[in-house]
Amino acid sequence: MLHRGQESTDGAGGGELTVPMAWLYAEYIADELLRTGDLMPPTSFEFRAGRDALALTIFLSDTSGELSGIRVVTQLETWLSLTAYDQPWQDWVRERMAGLAAEAIDAGGPAPDLDLATAAWRWLEETELLAPDLDAVPGGGPVIGEDDGPKVWTPAWQLGLPLGHLAIHLF
């Protein structure tokens, strides 16, 4: 008999906990890639943006449903191409998320991996970070240090994606 508070809430019974291993593994790989690159302090919002963008790329590019530790090195080129500057990454994420959501509805069961990926995507889209304005007019005035240059509010995914791409290169 299940203790109170441990009953299954999905109607399937059994009281089994579904662990989001695919998302957690994708997040772990992204975290390791970024830490190896040593691009940002791990406690910064920029690091989180890079980790979430890279984790989404890793999670959504896994079409077989199994992230394998052995295959990580073979997937680096795929992740590089998906995170490249000239790619429509945001559109690709939306399409893959919609596809996975439809699959989850058809399956009728819990989708904890998709829930975590959706939360990460929502944070990347809705959060803006103050970043250097790379489109500022050159020669607009003297800039003493990097903190003194023009800044612009940027969606977190637009800052995190190039960080993730660079981390893959540095790996």
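The exercises below, each with a worked solution, concern a predicted model.

**Exercise 1. Helix 6**

Compare the span of helix 6 with the span expected for its number of residues, and state which of its residues are buried.

Solution. 
Step 1. Helix 6 runs over residues 156–170, which gives it 15 residues.
Step 2. The expected span is 1.5 Å times one less than the number of residues, and for helix 6 the expected value is 21 Å.
Step 3. From first C-alpha to last, helix 6 reaches 21 Å, close to that expectation.
Step 4. Buried means under 20% relative accessible area. In helix 6 this applies to Ala156, Trp157, Leu159, Gly160, Leu161, Leu163, Gly164, His165, Ala167 and Ile168.
Step 5. Residues three or four places apart in an α-helix point the same way, because there are 3.6 residues a turn.

**Exercise 2. Tyr85 and Leu161**

Is Tyr85 buried or exposed, and how many residues separate Tyr85 from Leu161 in sequence?

Solution. 
Step 1. Tyr85 sits in the loop between helix 3 (72–83) and helix 4.
Step 2. The relative accessible area of Tyr85 is 85%. Exposed means over 50%, so Tyr85 is exposed.
Step 3. Leu161, in helix 6, is buried.
Step 4. The two residues, Tyr85 and Leu161, are 76 residues apart in sequence, while their C-alpha atoms are 8.6 Å apart in space.

**Exercise 3. A surface patch**

Solution. 
Step 1. Val19 lies in the segment before helix 1 (21–37).
Step 2. Met21, Leu24 and Leu116 form the patch with Val19, and together the four have about 340 Å² of accessible area.
Step 3. Val19 has 44% relative accessibility and therefore counts as partly exposed.

**Exercise 4. The second largest pocket**

Find the elements that line the second largest pocket, and the one with the largest share.

Solution. 
Step 1. The second largest pocket has a volume of about 370 Å³ and a lining of 18 residues.
Step 2. Two or more lining residues come from each of helix 1, helix 2 (45–61), helix 4 (89–107) and helix 5 (112–126).
Step 3. Helix 4 has the largest share, with four residues.
Step 4. Nearest the centre of this pocket lie Phe59, Leu100, Glu103, Asp113 and Leu114.

**Exercise 5. The second largest cavity**

How many cavities of 30 Å³ or more does the structure hold, and what lines the second largest cavity?

Solution. 
Step 1. A search of the whole structure finds two such cavities.
Step 2. The second largest cavity holds about 30 Å³ of space.
Step 3. Its lining consists of Leu34, Leu39, Met40, Glu46, Phe47, Gly50 and Leu163.
Step 4. Helix 2 contributes the most to this lining, three residues. Leu163 is one of the buried residues of helix 6.

Conventions. Residues are numbered from 1 along each chain as its sequence is written. This is a predicted model: local features need pLDDT of at least 70, side-chain atom pairs count only at pLDDT 80 or more; totals for chains, interfaces and linings use all residues. Side-chain values use heavy atoms; hydrogens and water are left out. Patches are made of residues with over 30% relative accessible area and no salt bridge: like charges are joined within 9 Å, nonpolar side chains (Val, Leu, Ile, Met, Phe, Trp, Tyr) within 5 Å. Accessible areas come from the Shrake-Rupley method with a 1.4 Å probe; for residues, only the protein chains shown count as cover. A salt bridge is a side-chain nitrogen of Lys or Arg within 4 Å of a carboxyl oxygen of Asp or Glu. Buried means under 20% relative accessible area, exposed over 50%, partly exposed in between (1.4 Å probe, protein chains only). On a 1 Å grid over the protein atoms alone, a cavity is a set of points where a 1.4 Å probe fits but cannot get out, and a pocket is an open set with protein on both sides within 12 Å along at least five of seven lines; lining residues have an atom within 4 Å of a point. Grid points are joined across faces, edges and corners, and a volume is the space filled by probe spheres set on the points.
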